[in-house]
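Please look over the structure shown here before reading on. The briefing is arranged by topic.

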Amino acid sequence: MLSPKRTKYRKAHKGRVHGNATRGTVLNFGAYGLKATAPGRVTARQIEAARRAITRHLKRAGRIWIRIFPDVPVSTKPTEVRMGKGKGSPEYWMCRVKPGRIMFEVDGVAPLLAKAAIARGAAKLPMATRFIAREEA
Amino acid sequence: MTEVSELAVEARDGTGKGAARAVRRGGRVPAVIYGDKKAPISISIDRVKLRHELKRPGFRRRLYDLRINGLAERVLPRAVQRHPVSDEPLHVDFLRVGAGAEISVNVAVVFVNEELSPGLKRGGVLNIVRHEIEVVCPATAIPESFIIDLEGLEIGDGVHISQVTLPENVVPTITDRDFTIATVAAPTVVRDEAAAAAEAAEEEEIEGEEAVEGEVAEEAAEEGASEEQGEQD
């Protein structure tokens with residue numbers, strides 16, 4: 001799963017996802033992509049699940065790019081612990097995704113196969129998404 | 001010869017986000033015409049007609065004759081701003097094209113004869129490094145596309161700009177190196193019989209996980225190993 005090699009601080013604030021993405025909103029590598037149309041937090045586990053779903057449907061043909069990186073640590077408190085006594089320990093990594101962000105790109109396969117594969121990947125993600133294809137310049 | 005189309009436009013009053021939003025509320029898209037050492041003109045285009053033009057391939061390579069207040073302007077679309085989520089056009093930039101003007105423009109690359117490439121037949125992947133090539137050419141002679149023949153390409157071979165026959169007066173903007181347009185990358189399928197076996201084992205593990213709770217630690221270790229394998233997919 002994706003995670004930072006090292007971080008400046010161990011724990012982060014929860015944060016909120018406001019507004020639309022201004023960067024990473026157009027296809028840069030592949031001919032097809034998956035764009036978020038709603039805000040959300042995507043965990044490293046979800047990214048990996050989506051990547052596997054796409055790769056397996058493509059039968060390892062073509063190429064896939066991941067355009068998001070989970071660099072925000074999420075902490076949780078142990079079960080049956082009363083509130084207070086400090087913040088919990090970091091458990092997993094997530095990234096905040098704004099609407100408009102391209103999360104995955106695919107290339108080197110037929111359009112219908114790419115669409116089906118990306119739909120399977122989208123099913124693993126926690127927000128509404130849209131399949132997009134490169135328009136000829 | 002570059003195709004010339006016509007597009008109905010209207011001059012618009014006012015600039016800035018307030019005026020632009022008012023135009024958008026009226027079902028039109030704000031746009032601007034600039035260049036050729038003349039003053040810029042603010043215009044608007046019907047959203048449906050613009051959408052139709054954008055759907056036709058080669059919008060940014062096509063010259064347009066825009067008629068504003070009885071005067072015709074020959075322009076080339078330079079940029080289309082789009083909404084980040086809906087991808088609806090928000091604004092269009094048109095560059096005025098004077099007589100004998102030379103412009104830099106992105107031309108699409110089209111790949112042909114994929115079935116005649118032994119590398120692709122053997123399961124290689126066509127890795128397109130550049131979907132478009134930026135070239136400098138006369139505005140009246142913008143190439144429609146660059147056709148790249150993949151015949152005879154083996155795994156590991158690449159196509160570079162020096163292998164592309166460019167029309168007369170068309171020069172790539174990158175001249176300091178022989179840049180790559182596409183390569184035929186090695187397939188990932190070949191090495192992955194071992195990975196497939198690992199995956200099958202992993203699926204069995206997941207089934208077993210539901211049944212046997214005592215082996216959690218062992219499975220976690222194995223899962224970690226299979227994930228590493230999966231990352232190579």
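This is a predicted model: local features need pLDDT of at least 70, side-chain atom pairs count only at pLDDT 80 or more; totals for chains, interfaces and linings use all residues.

Over all chains, the structure holds 15 salt bridges. One of them pairs A:Arg130 with B:Asp87 and so joins two chains. Chain B is divided into three parts: domain 1 (4-98), domain 2 (103-185) and domain 3 (186-233).

**Chain A overall**

- Chain A has 2 helices and 7 strands.
- Read from the N terminus, the order of these elements is β-β-α-β-β-β-β-α-β.
- Along the principal axes, the C-alpha atoms of chain A fill a box of roughly 55 × 30 × 25 Å.
- Of the 137 residues in chain A, 42% are buried.
- When contacts in chain A between residues at least 6 apart in sequence are considered, 82% of them join residues at least 24 apart.

**A buried residue in chain A**

- A:Ala122 belongs to helix α2 of chain A, which covers residues 111-122.
- The relative accessible area of A:Ala122 is 15%, so this residue is buried, the limit being under 20%.
- With neighbours within four places in sequence set aside, A:Ala122 is in contact with A:Leu34 and A:Thr129.
- A:Val72 is 50 residues from A:Ala122 in sequence, and their C-alpha atoms are 21 Å apart in space.

**Domains 1 and 2 of chain B**

- The C-alpha centres of domain 1 and domain 2 of chain B are 30 Å apart.
- Contact between the two involves 7 residues of domain 1 of chain B and 11 residues of domain 2 of chain B.
- About 650 Å² is buried between domain 1 and domain 2 of chain B, and carbon and sulfur atoms give 59% of that area.
- B:Arg61, B:Leu63 and B:Arg78 supply 67% of the area that domain 1 of chain B buries against domain 2 of chain B, more than any other three residues.
- Between domain 1 and domain 2 of chain B there are 0 salt bridges, while 2 residue pairs are in polar contact.
- On the side of domain 1 of chain B that touches domain 2 of chain B, the residues comprise 4 nonpolar, no polar and 3 charged.

- The side chains of A:Arg130 and B:Asp87 form a salt bridge with an N to O distance of 3.1 Å.
- A:Arg130 is in strand β7 (residues 129-133) of chain A and B:Asp87 is in the loop between β5 (71-82) and β6 of chain B, so the pair joins two chains.
- A:Arg130 is partly exposed, at a relative accessible area of 29%.
- B:Asp87 is also partly exposed, with a relative accessible area of 21%.
- A:Lys35 is linked with A:Arg130 and B:Asp87 in a network of salt bridges.

**Salt bridges within chain B**

- B:Glu88 and B:Arg51 form a salt bridge in which the closest N and O atoms are 3.1 Å apart.
- This pair links distant parts of the chain, 37 residues apart: B:Glu88 is in the loop between β5 and β6 of chain B, and B:Arg51 is in helix α2 (residues 47-55) of chain B.
- Both residues count as partly exposed, B:Glu88 at 27% relative accessibility and B:Arg51 at 35%.
- A salt bridge of 3.0 Å, N to O, brings together the side chains of B:Arg122 and B:Glu154.
- B:Arg122 lies in the loop between α3 (118-121) and β8 (125-128) of chain B, and B:Glu154 lies in the loop between β10 (146-149) and β11 (158-160) of chain B, 32 residues apart.
- B:Arg122 counts as exposed at 56% relative accessibility, whereas B:Glu154 is partly exposed with a relative accessible area of 31%.

**A buried histidine in chain B**

- B:His91 is found in strand β6 (residues 89-96) of chain B.
- B:His91 counts as buried because its relative accessibility is 14%, which is under 20%.
- The side chains of B:His91 and B:Asp93 are joined by a polar contact of 3.2 Å.
- Not counting residues up to four places away in sequence, B:His91 touches B:Arg12, B:Val29, B:Pro30, B:Ala31, B:Val32, B:Ala79, B:Val80 and B:Gln81.

Conventions
Residues are numbered from 1 along each chain as its sequence is written. Chains are lettered from A and ligands numbered from 1 in the order in which they are written. Side-chain values use heavy atoms; hydrogens and water are left out. Domain bounds come from an automatic or database domain assignment. Contact means heavy atoms within 4.5 Å. Buried area is the accessible area (1.4 Å probe) that two parts lose on being put together, summed over both. A salt bridge is a side-chain nitrogen of Lys or Arg within 4 Å of a carboxyl oxygen of Asp or Glu. A polar contact is a pair of N or O atoms within 3.5 Å; within protein, one must be able to donate a hydrogen and the other to accept it, and residues adjacent in sequence count only if both atoms are side-chain atoms. Ala, Val, Leu, Ile, Met, Phe, Trp, Tyr, Cys and Pro count as nonpolar, Asp, Glu, Lys and Arg as charged, and the others, Gly among them, as polar. Helices (H or I, at least four residues) and strands (E, at least two) are DSSP runs, numbered from the N terminus. Buried means under 20% relative accessible area, exposed over 50%, partly exposed in between (1.4 Å probe, protein chains only).
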